[in-house]
Each structure stands twice: as structure tokens, then as C-alpha cells.
Amino acid sequence: MSENQRIAKEVLEAIGGKENIASFAHCATRLRIMVHDKEKIDQDKVENIDKVKGAFFNSGQFQVIFGTGTVNRIFEEVEKLGIESSSKEDVKKEGKKQGNAFQRSIRTFGDVFVPIIPVLVATGLFMGLRGLLTQDEILSWFGATPKDIPPNFLLYTQVLTDTAFAFLPALVAWSAFRVFGGSPILGIVLGLMLVNPALPNAYAVAEGTEKALTMFGFIPVVGYQGSVLPAFFIGLIGAKFEKSLRKRIPEALDLILTPFITLAVMITLGLFAIGPIFHSLEEWVLTGTTAVLNLPYGIAGLVIGFFHQIIVVTGVHHIFNFLEIQLLEKYGNNPFNAVITAAMAAQGAACLAVGLKTKNKKLKALALPSSFSAFLGITEPAIFGVNLRFMKPFIMGLIGGAVGGFLASFFDLAGTGMAVTVIPGTLLYLNDQLFLYILTNVVAMAVAFTLTWLFGYKDAPQESSLNKQMKAEEKINKINNSLTSLEIPSPIKGEVIKLEEVPDPVFAQKQMGEGMAIQPSEGKVYAPFDGSVGLVAETKHAIFLEHESGTQLLIHIGIDTVNLKGKGFTSYIKTGDTVKAGQLIMEFDLDVIKQAGLSSITPVIIPSGLPSVKEVLPKRKPSKETVLAIQLG
């Protein structure tokens, strides 16, 4: 078996097996898995698998980070294990059902803008390169001045840098139609109608060189060059309208009437209603964003630099795409980029500190590549794989991001584009800002690295599995030497009956172990001793508790109640929790059990084969007294 085959098998086992997978796909860096039951996933086990750089839930998906290239090979091996893959779109559709309404709306908003970002990234890089090539200092190296640049070359660079923003409504409307289920080609045409040269140019109207058209005596009409919200809502409403028409128009006329009516209605609404309303809203949002970014003394950067990566963790950071696009369209630069770059660089530095400080080979192999990934602008492996796992490095990264963000605002740094950060983001600052950009990020990294090294991470002492086992045995032996017997009170109020009277041969014949049973008088289960929760069944009808002596106790609520699939049960504990004697750990509805025609008799069992248990003596006493007397060996 190859290494990747072994890893694929381990991942499958750790997420609950084949039957727990609803759908799975992969992107550039991670497996994206939709599961039936989140509780079946052993996240610690997943994170300790070789080559795994982190694992987390986001947008309703369990995402396992492997990194570029590796994820493709692991994905192929998972497929070979008999798992039918899904498209990324199918997984996204499943994920959209998860989360609250706000989270779902933000994800949808992000789905519209994410496909547009690569074009805007390229445009930003073109702007940076043009700024570099037209600098006096750079030209002087070749004995030239800005006057020596050929006009045709400047026109060529203008085509590269201006086209995406001039036709931005077409891109947004196309993407919105695609996301909301309409015909993308109709979205493109509607977007192009919004910037038709026959309409007064929005930039010219803003400069005062042209006047807006006035329709019906009071509606101002202009082109929507560079606008986002009008195109977004035209795409949203237009797609819904088109789908509605297709349900009502006969198939024979669909090809002619549906696009005709959709375009006619939507461009009318777009120019006379949606456009003016949402363009005004867009201006208010831009004014508010600009006001925040212009707060004096670097305050904006301090706040945004600290909170940005927290917002990234919540998964609603896609809203910032819209703000960055607005800034670039309106001002030709993006001050937000410099601030969030510092925040990302700081998280990478915190992760690097952990990687250099730890002696744990597995953690080092995870942290060092993850930190480099963050310096390339992808922080998820560092955040979810390392920093959040230990929490303090994440906090130190937030502090470093706040310091770096403060400097970015204080120096008035602003990139020429968006969506590229840290090392690749340098290309957005190829002008007189370059030195300050590097300084800002170095300071953010230095603060985060130093704080993490000094206060944020302490390497846990490494113990061999043999030493851990010996210590566990010593602990149990120590307890057993001082504890020779254990009495367990009834965990449920009611009548205590013999196990032989339970209407289930498995329990009655003591195949599960020795014990007693209880006919409940109320639907509440209390912890009978201090200990830990070994297991809570998925259907909540059975609980395994473990005493500090190692003695285990099975509380099986009712007979065949597994068929209720959790209906009528309310659990206040989960696997791995600690409990105190007398603590309410479960409630169950006796009426639900009765109406299902099932018995509520509850066996209380000491499972067979426990090495610490020598003898179990059932006692039929009132429920508040001893139910089981156990002799420990």
C-alpha cells in the first residue's frame, strides 16, 4: 500500500467511514466533504494524519487541508476506495443549506464575486507594472523621462488597466445570473446595456463634462461604469424573472419570448429603478467605508488589522470583495489591501514561530510549510492547522496584525489592485510605497513572531506511547490499591428490577454483563459518580460512563429505543465530557417511548471483561440507594 493510499484510508476512517459521506470534492488545497453526522468525525485523528495541514468546518463543509498538488493525489486515492466524487458546485449547494440566513447570504454574495476576482487581480498587477514603468527614477536608468514614453504604449497600458472596470457591470451581472440559475449570456447583455456608450458616461458625469439624462422629468439616467450593486441586483432579479417566465411560456415560444421579455423588462427596471436606487446605496456604502479608512492616527488600520482574520474564521469575509472593488473603481487604489496584508503576514509569522520552536516533528512539518503558504497570501493552513489549535499564537498574530495595520493606515498605503497579498502583493506597490509596504509587513511579522516565541507557545513535553500507558496503568493501580469496592446508586428514579426480567434476551441472559434494571418513574438520567463520558450513542438512547478506577457503566434507556432515532431524547453531555455525581446528563420523554409501543425499562450494566472489576453484586434496593456493589480486583 502506498503512502497516499494509507492516508486516504485513514482520512476515510476518521470521518466516520463511507456511509457518513454525503458528497465530496476538492479545490486547490483541500478536500471538501459534506457528512451526514458531524459527531462521527474524529477531528484530532484527522489532524494527526500524515500530510494533513489542518481540518475545520466552514460553509457547512468539513475541509481537510493538504496543500497544492498533494490534495489531488489524496483525492484520487479516496475515489479508488469506492467513494463517488461530487463537483465543487454540488458540495457548495449542500453547504449553502448550512448556517444562519446572514451566513448563507454572505456566501451567496461571495459566490457572485469570487469568479470575477482573477480578472481584477490581473488588472491590479497591470496597474502596478504601469506605475513602475512610468516612474521617473526607473526611466532615468534608461536615460528617459515620462515625455519619452510613446503615446501608443500608454494607450495599450490603458486598455489593460481600464477595461475590467469599464465593463464591470457586465461581469457582475453575468456572474449573478450564473449563481441564481438564469442564462449567463442574458446577464452579460444586460450588464453591457448598463454601460452602453449611448448613455452618458458615469465618469464624465461625475467630472461635470457630461450631464445625466432626465427621464419622465425626474429620473436621472447615466451609464453605470464601475458600478457593482445595480448589476448585482439586476442579475439576481433577472435570473429569478427568467426562470419564472420559462415555467409559464410554452416551449415552442420559449426561445423567442423569454430572452425578449427578460431583457426588455430588466433593462427598463435597471435604468429607471434598480440602477438609481442601488447606485445611491452604493455611494453611501463607499462614503461610509472611506470615512472608516480615513480615521486619523492609524485607528482604522489598528481595528481592521486586529479583527480581519477573526472575520475570516467566521467565513463572512467575502463582503470585503465588494468594498475593495468599490475603492478601486472610485479612487484607483485600495487602502484596505495593505491593512489585511499585515494581518495575514502576522498570522504566518506566528505559525513560523511555532514551527521553529517546537520539537514535535509532526507539528514542525505542518507549521513551517503553512507559514510559507501564509506569506504567499493563503492563511487557512496556518490559522486552522496551527494557530487556532493552540489559540495563543492566533491571538499574538492578531496583535501583530493590529500593529501592522496601524502602520499601513498611518503611512496611507494603498495597493493598485486586490486579492494578492504579502509577497505576491508586492507587485501592487511598485511605486514610491514599496519600502513602506515592506517595512509594514516586516514589523507586523516581527511583533507576531516575538510575542508567539516568548508568550504564545510552549512546547509540550513529548512522551512515548509506552510511558503514557505506564502512567495510566500506575494511576489505575494507585486508585485500585486505595479503592477495593465501589457502590453505584441508581442513575434514574424508579422501581429497581432484576436484569433477568428485562424483555430483551441480550440483557436478560447477561450477554452484555452483570447489572440491574430500572422501571423509570420520570424521564431523567443523573450521573451516579464522578467520571467521564466514554460514549453517547448517536440516537442518545445509550450512555457509557467511566469511573476513575476504570470501571465502565452502560445506561441503556428503554428497549429497542434506538428505533426512535433520538426523538424524545435531550442530551446534556457529549463524548469526552467529564461529569459530577448527581449531574443531570439526559432527559427522555416517557410518553414518546410508550406511544411507539416500546418498553422504558432501563438496564444499568457493568460490561463484561473489565480487568479492574472482580465481582458485581446486584442489589434490589430503593432507587436512591445502591443498585450495584462492585468488588475491584
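The questions below ask how several descriptions of this predicted model follow from its computed values.

Q: What makes the pairing of the asparagine 334 side chain with the backbone oxygen of glycine 417 a polar contact?
A: A polar atom of the asparagine 334 side chain lies 3.1 Å from the backbone oxygen of glycine 417, and the cut-off for a polar contact is a pair of N or O atoms within 3.5 Å. Setting aside residues up to four places away in sequence, asparagine 334 also touches others, including Glu324, Leu327, Leu328, Met418 and Tyr429.

Q: How do you know which residues leucine 388 is in contact with, leaving aside its neighbours within four places in sequence?
A: Contact means heavy atoms within 4.5 Å, and with those neighbours left aside leucine 388 is in contact with Val313, Ile383 and Phe394. Valine 313 is 75 residues from leucine 388 along the chain, and their C-alpha atoms are separated by 9.5 Å.

Q: What makes up the largest nonpolar core, and which of its residues touch the most other members?
A: The largest nonpolar core has 56 residues, of which Phe113, Leu120, Leu168 and Ile325 touch the most other members. Helix H13 (residues 251–293) gives the largest share of this core, eight residues. A second, separate core has 31 residues, among them Val533, Ile543, Phe569 and Val579.

Q: Where does helix H8 bend, and by about how many degrees?
A: Helix H8, which covers residues 151–166, bends by about 30 degrees at leucine 160. Within H8, the residues Thr157, Thr161, Ala164 and Phe165 are buried.

Q: How do you know where empty space is left?
A: A probe the size of a water molecule, rolled over the atoms, shows where empty space remains. In this model there is one cavity of 30 Å³ or more, and the largest cavity holds about 40 Å³ of space. Its lining includes Ala8, Val11, Leu12 and Val78, and H1 supplies the largest share of that lining, three residues.

Methods. Residues are numbered from 1 along each chain as its sequence is written. This is a predicted model: local features need pLDDT of at least 70, side-chain atom pairs count only at pLDDT 80 or more; totals for chains, interfaces and linings use all residues. Side-chain values use heavy atoms; hydrogens and water are left out. The bend at a residue is the angle between axes fitted to the seven residues ending there and the seven starting there. Helices (H or I, at least four residues) and strands (E, at least two) are DSSP runs, numbered from the N terminus. Buried means under 20% relative accessible area, exposed over 50%, partly exposed in between (1.4 Å probe, protein chains only). A polar contact is a pair of N or O atoms within 3.5 Å; within protein, one must be able to donate a hydrogen and the other to accept it, and residues adjacent in sequence count only if both atoms are side-chain atoms. A nonpolar core is a set of buried Ala, Val, Leu, Ile, Met, Phe, Trp, Tyr and Cys residues joined through side-chain atoms within 4.5 Å. On a 1 Å grid over the protein atoms alone, a cavity is a set of points where a 1.4 Å probe fits but cannot get out, and a pocket is an open set with protein on both sides within 12 Å along at least five of seven lines; lining residues have an atom within 4 Å of a point. Grid points are joined across faces, edges and corners, and a volume is the space filled by probe spheres set on the points.
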